[in-house]
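Open the model in your viewer and keep the selection panel at hand. The stops below go from single residues to the whole chain.

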Amino acid sequence: MKKRKVKDFIALDAQKLVRDCEEYLEEEKALELDLKEREEIIRKETPDDVKKGGYL
């Protein structure tokens, strides 16, 4: 009986670990997309002379 409880506990713990990893990867992907969007906005709003090494 104890072995079954331990196996069930390990299985549940492994499932939780997989869910946590999936959530982490989804969050990481969302952050990468957000960063790309922000970089694109900055690129569009930055004057050409500043892009070439000049100052405002």
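Is aspartate 34 buried, partly exposed or exposed? Aspartate 34 counts as partly exposed, because its relative accessibility is 30% (buried means under 20% relative accessible area, exposed over 50%, partly exposed in between, with a 1.4 Å probe and protein chains only).

Two notes before the next selection. This is a predicted model, in which local features need pLDDT of at least 70 and side-chain atom pairs count only at pLDDT 80 or more, while totals for chains, interfaces and linings use all residues. Residues are numbered from 1 along each chain as its sequence is written, and side-chain values use heavy atoms, with hydrogens and water left out.

**Stop 1: aspartate 34 and arginine 38.** Aspartate 34 and arginine 38 are about one helical turn apart, because four residues separate them in helix α1. Arginine 38 counts as exposed, at 52% relative accessibility.

**Stop 2: lysine 16 and aspartate 20.** Move to lysine 16 and show its side chain together with that of aspartate 20; they meet in a salt bridge at 2.9 Å, N to O. Helix α1 covers residues 2-45, and lysine 16 and aspartate 20 are four residues apart in it, so about one helical turn lies between them. Lysine 16 is partly exposed at 41% relative accessibility, and aspartate 20 is partly exposed at 35%.

**Stop 3: glutamate 40 and arginine 43.** Which side chain does arginine 43 meet in a salt bridge? Select glutamate 40: its side chain and that of arginine 43 are paired at 3.0 Å, N to O. Here the spacing in helix α1 is three residues, which again means a separation of about one helical turn. Arginine 43 is partly exposed at 45% relative accessibility, and glutamate 40 is partly exposed with a relative accessible area of 32%.

**Stop 4: the whole chain.** Clear the selection and show everything. The structure holds three salt bridges. The protein chain has two helices and zero strands (DSSP runs numbered from the N terminus: helices are H or I of at least four residues, strands E of at least two). Switch to a surface view: the accessible surface of the protein chain is about 5,900 Å², and 59% of it belongs to carbon and sulfur atoms (Shrake-Rupley method, 1.4 Å probe; for residues, only the protein chains shown count as cover). Of the 56 residues in the protein chain, 0% are buried.

Methods: Salt bridge = Lys/Arg side-chain N within 4 Å of Asp/Glu carboxyl O.
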